[in-house]
Amino acid sequence: MEQDLNRIIPSNNIPPDIDGVFNKVKMFSQLMTMYNCAIREVQTKFEVLNDDLSVRNRRNPIEMIKTRIKSPQSIAEKLQRRGLDVTYDSIVNNLNDVAGVRIICAFVDDIYAVAEMFLRQDDITLVEIKDYIKNPKPNGYRSYHMIIDVPVFFADRKQMMRVEVQFRTIAMDFWASLEHQIKYKKSIESPDKIFAELKECADTIAETDLKMMSIREKIIFTES
Ligand code: 0O2
């Protein structure tokens with residue numbers, strides 16, 4: 001154990017407030033556990049909705065659920081970018097997306113239907129909606145974002161925890177994943193051309209999503 005600690009903090013460089021440092025690390029780790037619990041609550045709610053809808057309609061509106069906790073580095077970068085302190089309180093008060101749940105649907109109208117059903121649950125508090133499907137970003141990004149508070153029952157208390165839920169179609173998710181990877185690549189040849197091509201792809205994907213929806217309508221309509 002002592003050896004492990006020496007690897008993290010060399011013995012000739014121990015900060016005078018070492019207990020304070022360890023206390024902060026412990027509090028940060030507890031906070032991340034709380035966000036993880038909130039993710040599990042939200043994930044379960046969507047799984048239940050999906051199971052119920054698949055029995056009723058013989059079709060799963062949700063194709064996939066992805067979850068993530070923001071990394072300590074991304075948390076610090078986002079706060080610093082906004083000129084805010086990197087502290088426990090600052091994380092809780094200023095960041096909406098430490099806990100993230102991504103709902104991937106096959107069809108655009110499933111996104112709105114599932115989002116509405118989720119919001120009807122009386123323990124969910126809606127904080128904000130950003131509809132980047134109706135109002136895409138200039139780069140072509142499309143997704144339906146929802147910031148919500150969900151109650152989590154811990155050993156000694158109930159606490160509302162903030163979670164960002166992003167809804168996308170499979171195609172929008174494919175696009176966003178690639179765009180995200182490219183954005184963080186330091187050395188791209190002719191980036192303007194690539195971003196223009198990506199914007200074109202985003203528009204084609206949006207058109208295709210609409211066509212897929214109309215094909216599905218025809219299948220459902222003509223099903224015996
Ligand atoms: P990561 O790595 O996914 O965590 P807010 O969080 O609401 O206070 P912000 O960040 O402007 O403020 O909110 P917004 O615009 O709703 O974006 C939040 C998240 O949406 C981003 O988180 C991305 O996950 C996703 N997103 C938004 N715009 C784009 C985009 O142009 N391309 C891609 N690929 N994803 C996007 P992070 O923290 O940026 O990243």
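By class, the shell around the ligand holds 3 nonpolar, 4 polar and 11 charged residues; here Ala, Val, Leu, Ile, Met, Phe, Trp, Tyr, Cys and Pro count as nonpolar, Asp, Glu, Lys and Arg as charged, and the others, Gly among them, as polar. The model is a predicted one, in which local features need pLDDT of at least 70 and side-chain atom pairs count only at pLDDT 80 or more, while totals for chains, interfaces and linings use all residues. Residues are numbered from 1 along each chain as its sequence is written, and side-chain values use heavy atoms, with hydrogens and water left out.

The protein chain has 7 helices and 5 strands, where helices (H or I, at least four residues) and strands (E, at least two) are DSSP runs numbered from the N terminus. Read from that end, the elements follow the order α-α-β-α-α-β-α-β-β-β-α-α. Along the principal axes, the C-alpha atoms fill a box of roughly 75 × 50 × 30 Å.

Now to the ligand itself. It is surrounded by 18 residues, of which R68, K70, K137, N139 and E179 are the closest; a residue is near a molecule if one of its heavy atoms lies within 4 Å of it. A polar side-chain atom of K70 is placed 2.7 Å from an oxygen atom of the ligand, and for R68 the corresponding distance to a ligand oxygen atom is 2.8 Å. In the side chain of R82, an N or O atom is 2.9 Å from an oxygen atom of the ligand. On its own the ligand has 750 Å² of accessible area, and the protein covers 80% of this, with areas taken from the Shrake-Rupley method with a 1.4 Å probe and, for residues, only the protein chains shown counting as cover.

The space taken by the ligand is the largest pocket; a molecule sits in a pocket or cavity if more than half of its atoms lie within 2 Å of its grid points. On a 1 Å grid over the protein atoms alone, a pocket is an open set with protein on both sides within 12 Å along at least five of seven lines, a cavity is a set of points where a 1.4 Å probe fits but cannot get out, and lining residues have an atom within 4 Å of a point. The volume of the largest pocket is about 1100 Å³, a volume being the space filled by probe spheres set on points joined across faces, edges and corners. Among its 35 lining residues, K70, K78, D97, Q166 and H180 are the closest to the centre. Here too α6 has the largest share, 6 residues, and the lining as a whole divides into 8 nonpolar, 11 polar and 16 charged residues.

The second largest pocket has a volume of about 200 Å³. Its lining has 8 nonpolar, 1 polar and 1 charged residues, including F28, I75 and Y88.

Finally, the whole structure contains 1 cavity of 30 Å³ or more. The largest cavity, of about 40 Å³, is lined by G140, Y141, R142, M172, W175, A202 and I205, with α6 and α7 (191-222) each supplying at least two residues.

Terms used. Polar contact = N/O pair within 3.5 Å; in protein donor to acceptor, adjacent residues only side chain to side chain.
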